[in-house]
Amino acid sequence: MNAQVVLAGQPALYVATIAGAALQGAGNTRLPMQAAVIAQATNAVLCVGLVFGVGPLPELGLAGAAWASVGAFWLEAAVLGRALARLD
């Protein structure tokens, strides 16, 4: 189950990796680092929330950790993909 959940985030992980490398190659090293820090901070918060059911989040156990990772992958891909699309 958890592998299937994480598999849903693999395209986002590939996009984030490629977009981050392209931005770094263009000379922008700060934005990929900031996006990674924000994504991992979001992952940490969502992981605790989804594993233990904190606040309005459901208690999902180990699957919650997988969903938190997928959310972080897509967040990072969205930030870096948008920055790459705006690159002149």
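**Packing of helices H2 and H4**

Helices H2 and H4 pack at an angle of about 40°, and their axes lie 8 Å apart. The crossing of H2 over H4 is left-handed. The contact residues divide into 14 nonpolar, three polar and one charged. On the H2 side the contact is made by Gln10, Pro11, Ala12, Leu13, Val15, Ala16, Ala19, Gly20, Ala22 and Leu23. On the H4 side it is made by Phe73, Trp74, Glu76, Ala77, Leu80, Gly81, Ala83 and Leu84. The model is predicted.

The overall fold is helical. The protein has four helices and zero strands. Along the sequence the pattern reads α-α-α-α. The C-alpha atoms fill a box of roughly 45 × 25 × 15 Å along the principal axes. The protein has 88 residues, of which 32% count as buried. Contacts between residues at least 6 apart in sequence were also examined; 64% of them join residues at least 24 apart.

The largest nonpolar core has nine residues. Its members are Ala12, Ala16, Ala19, Leu23, Ala35, Phe73, Ala77, Leu80 and Ala83. H2 and H4 are the elements that give two or more residues to this core. Ala77, one of the core residues, touches Ala12, Val15, Ala16 and Arg82, with residues up to four places away in sequence not counted.

Helix H2 has 16 residues. Its first and last C-alpha atoms are 22 Å apart, close to the 22 Å expected at 1.5 Å a residue. Gln10, Ala12, Ala16, Ala19, Gly20 and Leu23 are its buried residues. An α-helix has 3.6 residues a turn, so residues three or four places apart point the same way. The cover over the buried residues of H2 includes helix H1 (2-7), H3 and H4. After H2 comes Gly27, with a positive phi near 105°.

Two further residues of H2 were considered. Pro11 is found in this helix. Pro11 counts as partly exposed because its relative accessibility is 43%. Pro11 and Phe73 are 62 residues apart in sequence, yet their C-alpha atoms are 8.7 Å apart in space. Both residues belong to the contact of H2 with H4. Gln24 also lies in H2. With 43% relative accessibility, Gln24 counts as partly exposed. Beyond its neighbours within four places in sequence, Gln24 is in contact with Thr29 and Pro32. Gln24 and Val37 are 13 residues apart along the chain, and their C-alpha atoms are separated by 16 Å.

Helix H3 covers residues 30-52, 23 residues in total. At 1.5 Å a residue it should span 33 Å, and its end C-alpha atoms are 33 Å apart, so the two values agree. The buried residues of H3 are Pro32, Ala35, Ala39, Asn43, Gly49, Leu50 and Val51. Ala35 also belongs to the largest nonpolar core. Helix H2 (10-25) and helix H4 (62-85) are among the elements that cover the buried residues of H3. Just after H3, Gly53 takes a positive phi of about 70°.

Technical notes
Residues numbered from 1 in each chain as written. Predicted model: local features only at pLDDT ≥ 70, side-chain atom pairs only at ≥ 80, totals over all residues. Heavy atoms only, no water. Expected span 1.5 Å × (residues − 1). Buried < 20%, exposed > 50% of the residue type's maximum accessible area, 1.4 Å probe, protein only. Contact = heavy atoms within 4.5 Å. Core = buried A, V, L, I, M, F, W, Y, C linked by side-chain atoms within 4.5 Å. Axes fitted to C-alpha atoms, helices over the stretch in contact; angles between N-to-C directions. Left-handed = near helix turned anticlockwise from the far one by under 90°. Nonpolar A, V, L, I, M, F, W, Y, C, P; charged D, E, K, R; others polar.
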